[in-house]
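Hi everyone, thanks for making the time today. Let me put the structure up on the screen, and then we can walk through a few spots together.

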Amino acid sequence: MKIQPSMPQEFKKSRNAVEPAEQERRSSVRYPFTATAYVTDMESGAQTTSRSTDLGRGGCFVDTISPFPVGTSVTLRLTVEQKSFEAPAKVVYSMVGMGMGLAFTSIEPEQLWVLESWLGKLSGVAVPERQPVAAPPEESPPPQNANPEHGYVLNELIITLMRKRVLTEEEGKALLKKLMN
């Protein structure tokens, strides 16, 4: 943005100081995406029903006249064509009369499949079919160092490698199948 030479020097300095904050802070690509959005404040239980305007791996924007304040922990449910995606999120941007930007704080594996299938359709990248999750044998307890986040990270990595065509679809499916077992 060009600043008019006739502007006072103080305004020019304050305007330049604000510009870095206006730069893109998202870590993932967003796609235009309209769905019914149900947002619930985790602390107060207050709810709002609105619509999403975009969606990405890291979050979405919800169009609403009365957004929750920045920092509010919420539960988000997006519904379109009888399919729903639900995840906890945090309000990272809020503007009264406009809406709020939400960043997902975690995504359960079964919800990740819904999100990935939507993002796959939006981006034109094929997403592997959902594999059934095999229940671990009851007699063997999970290892002491097991972290549920590791499975999510590995799943995300495999899908990213498939999208970047580092892995073929067959290789990716085989790895995802092994990960689920």
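This is a predicted model: local features need pLDDT of at least 70, side-chain atom pairs count only at pLDDT 80 or more; totals for chains, interfaces and linings use all residues.

Let's start with Arg51 and Asp63, whose side chains meet in a salt bridge, at 2.8 Å from N to O. Arg51 sits in strand 3 and Asp63 in strand 4, residues 59-63, so this pair ties together parts that are 12 residues apart in sequence.

Now, how many salt bridges does the structure hold? There are three.

Next is the pair formed by Asp54 and Arg30, with their side chains meeting at 3.0 Å, N to O. Here Asp54 belongs to strand 3, residues 47-56, and Arg30 to strand 1, residues 30-32, so the bridge links parts that are 24 residues apart in sequence. Asp54 has a relative accessible area of 13%, and it is buried because the cut-off for that is under 20%.

Then we have Arg57 and Glu116, where the salt bridge spans 1.8 Å, N to O. Which parts does this pair tie together? Arg57 is in the loop between strand 3 and strand 4, while Glu116 is in helix 2, residues 109-123, so the two parts are 59 residues apart in sequence. Both Arg57 and Glu116 are buried.

Val96 is in the loop between strand 6, residues 83-95, and strand 7, residues 99-104. With a relative accessible area of 73%, Val96 is exposed. Which residues does Val96 touch, if we leave out those up to four places away in sequence? The answer is Ile65 and Pro67. And if you look at Ser66, its C-alpha is 5.6 Å from that of Val96, although the two residues are 30 apart in sequence.

My last stop is Met95, which lies in strand 6. It has 38% relative accessibility, so Met95 counts as partly exposed. Together with Val92, Tyr93 and Met98, Met95 forms a nonpolar patch on the surface. The accessible area of those four residues together is about 360 Å².

That's my tour, and I'm happy to go back to any of these spots.

Definitions and conventions. Residues are numbered from 1 along each chain as its sequence is written. Side-chain values use heavy atoms; hydrogens and water are left out. Helices (H or I, at least four residues) and strands (E, at least two) are DSSP runs, numbered from the N terminus. Buried means under 20% relative accessible area, exposed over 50%, partly exposed in between (1.4 Å probe, protein chains only). Contact means heavy atoms within 4.5 Å. Patches are made of residues with over 30% relative accessible area and no salt bridge: like charges are joined within 9 Å, nonpolar side chains (Val, Leu, Ile, Met, Phe, Trp, Tyr) within 5 Å. Accessible areas come from the Shrake-Rupley method with a 1.4 Å probe; for residues, only the protein chains shown count as cover.
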